[in-house]
Amino acid sequence: MFYAVSSLLAFLICSVLSGFLYFYNRNSVLYRKFLILSFFIGMWSLCPFIVSYSVDSETALYYGRFVYVFAIFTMPVLFNFICTALEINLINPYKKIFFASLIMCCFFLLFSYSDLFIKGFVSRAPNVYVVPGFLYDVFVVCFIILCVYAVVILYNRYKKLTSLYEKERLKFLAISFFILYIAGLMHLLEPFFKIEIIPHDLLVIFWFFIVLYTVSKYRYLNIKLAFVKTLIFITIYVIILVVPIAIGIITRKWIISALSLLVLSSLGPVFFSYIQKRSENFLQSEQIKYQQFLIWASRVIAKQQNINKLSNLVVRIIQRRVKVTFVSFFIFDAEKNIYTCKSDSNMKRKGEIIKVQEYSKVISYMQKMKTPFIVFALPYEIKMIFSKINNGIHLVIPIMLRDRLIAFLLLGDKVNKSIYSSGDIEIFTTISNQIGLAISNANFIEQIKIQQDKIFEIRKLASIGGMAGGMAHQIKNRLHQFSMASGLMDVEIESFLKEYKIKDEQCKNFVNTMKEIAYSVSSNVHYTNEVVQNILSFAKKSEKELAFSNFSLKEALKMACQLLKVKHQKDEINIDFDIPEQDSVYGSKSQIQEVLFNCLDNAYEAVEEKKSILHKNMEDIREFKPFIRVSLKYSKNNAIISVTDNGIGIKQENKSKMFSPFFTTKELNNSGTGIGSYVIKRMIEENHKGQISFKSEYGEGTTFTIVLPKEIVE
């Protein structure tokens, strides 16, 4: 009865549970082949049950032979499944071996209902045995040969693998199929040795659960722990079945046997849970220690309020305690729609970005998974995309906040070459939740600081703006006096020339110089008045809107260059122009002029600063050929203006502050106020709905790029 029940149980487990697994993932070829294999093995396992409960020997022989049809075809089905599980598919020479075994099985099938294969079945307690024919012996030899060849395939595949997780999966498969081969040989060799210590179907059940675990789980336990758990389960199962039967046989009181079965089956799960916990503690004592540390670390992480310090802390904790080859921490930047590597244990990937559009599949996959997962078990397409990010990624930890992926951690292999266990996954899940909350908290505090800084800036600008009207009035008064003085000087010179005929060349030169000075003063008074008016109109949006039109960029550049010469007291400043003959941009001419002057002024001073540094370092200045270039290009909807120089450039730490108010890097003649770049950014982005950006390398030069829409759409 015990052997027959084990036979029926093996059939039910292999057939029913594999069916559930298949319907859970119908698209998987591996699951489909596992379903077929499990069904064939389950039908083969049913042989002792059918023969034991057949009404007569003829019925037992008929149905026993029918079950052995599935046993015959188990060989090629098993071989096909191994090839799929190892991802080697049925390619040569495996394809030839598969078809050869299939042809051989068809040959055995022809004689499956003849005495050449099975002559009969004999019931001999506690089991049922086959009375073999000649072809049965051949079948056993073929089965052994194919088993040996499958072992060779597994061994060769193991030597070629480099991934720990693939090796670990192969270990599971190797152990499970070794158990299955033992079970098959025990059944096939029974007619020759007439002994079976334990029901071979128990080993079939053992095999099923190991393979089921291997092919269906993304999270992998340590193989020792999995083996111990399964061994504990089978031991308790055997005790629960064997003890009541033994009591019944010895005492002949089956009521006591039934009661003992009830008691043991009730206590079995409790014993299993207790022993399993003790075995886990014994086998994973070292791992439990670092898991406790990670739980403590999650509390420390939650207290960190600075995003950069938080990312460095997370990476440092995981790197030092878990001891992995590398850790990369990516955080989402909502403004740029990218994930930026804020911290990396090897400092190789820090600052690297992952564009959401380019890696949308892996981003969507992480959002779908929500919890940490092993990379090697992913679908091939997703795995390949992760390999582009980093070929050594083993574990991915998504960090979610309200079902939104705000960050993720990429972990390499463990230094001690062990794998990530299900306990690791649970701990990392806890930590990821704490990190998500810490990021949210840090971002909130950062936003508050930014808002406070903006309010402070607005107040400073407002105070300046409040003084602008009064200052403009005072400046205009002075400009009016300068204008009158230059005009009066010009009139007096003309009168002097009419009244006196000057013959002395030196005197003539003096008079002409005074006349040029009067003209220059008058021109600059006019331009300064326009600049003052621009400042006032910038504060009054309604007025600046009236000044928008299409104009020639060359005209604006001409005025900007003149002002640049006046400021730096130069007769000539070499500037290259790459501007089409028919040039036209749309915007406020005076504001674009102001922007160009600011960019040219920055370029000129950067070039002069580089000259000064070269001179201080006793380098040959003659080898340095300064240049400033202004170019204009057109795209479909924009005019693109570039101002390029080969000056000193901008230091990395100053790049983020370039458009901040009251920040300046001008040290050459202390001419910077720190307001120019901020104002021109507002002119371009707020007034003109355009963009201004720059690229710079310290010591090499800078390029400012201004993008102006051809027409502004409000």
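Before looking at any sheet, I noted that two strands count as paired if DSSP finds at least two bridges between them. Strands (E, at least two residues) and helices (H or I, at least four) are DSSP runs, numbered from the N terminus.

Ground rules next. I'm working with a predicted model, where local features need pLDDT of at least 70, side-chain atom pairs count only at pLDDT 80 or more, and totals for chains, interfaces and linings use all residues. Residues are numbered from 1 along each chain as its sequence is written, and side-chain values use heavy atoms, with hydrogens and water left out.

**Entry: the open sheet.** I traced 6 strands in the order β5-β4-β3-β8-β7-β6, with antiparallel pairing. Which strands stand at the edges? I found β5 (353–355) and β6 (373–374) there, each with a single partner strand, so one side of each has no neighbour in the sheet.

Then I zoomed in on β7 (residues 395–400) and β8 (residues 405–411), which pair antiparallel over 6 bridges. Ile 399 has Ala 407 in β8 as its bridge partner.

What packs on this sheet? I looked up helix α13 (residues 307–322), and it touches β3 (327–333), β4 (338–344) and β8. Contact here means heavy atoms within 4.5 Å. The direction of α13 makes about 155° with that of β3; axes are lines fitted to C-alpha atoms, for helices over the stretch in contact, and angles run from 0 to 180 degrees between N-to-C directions.

**Entry: around β12.** I checked β12 (residues 628–634) against β10 (residues 576–578): they pair in parallel over 3 bridges, and Asp 576 has Arg 629 as its bridge partner in β12. With β13 (residues 638–645), β12 pairs antiparallel over 7 bridges. Lys 633 stands opposite Ile 640 in β13, and a hairpin of 3 residues joins β12 to β13.
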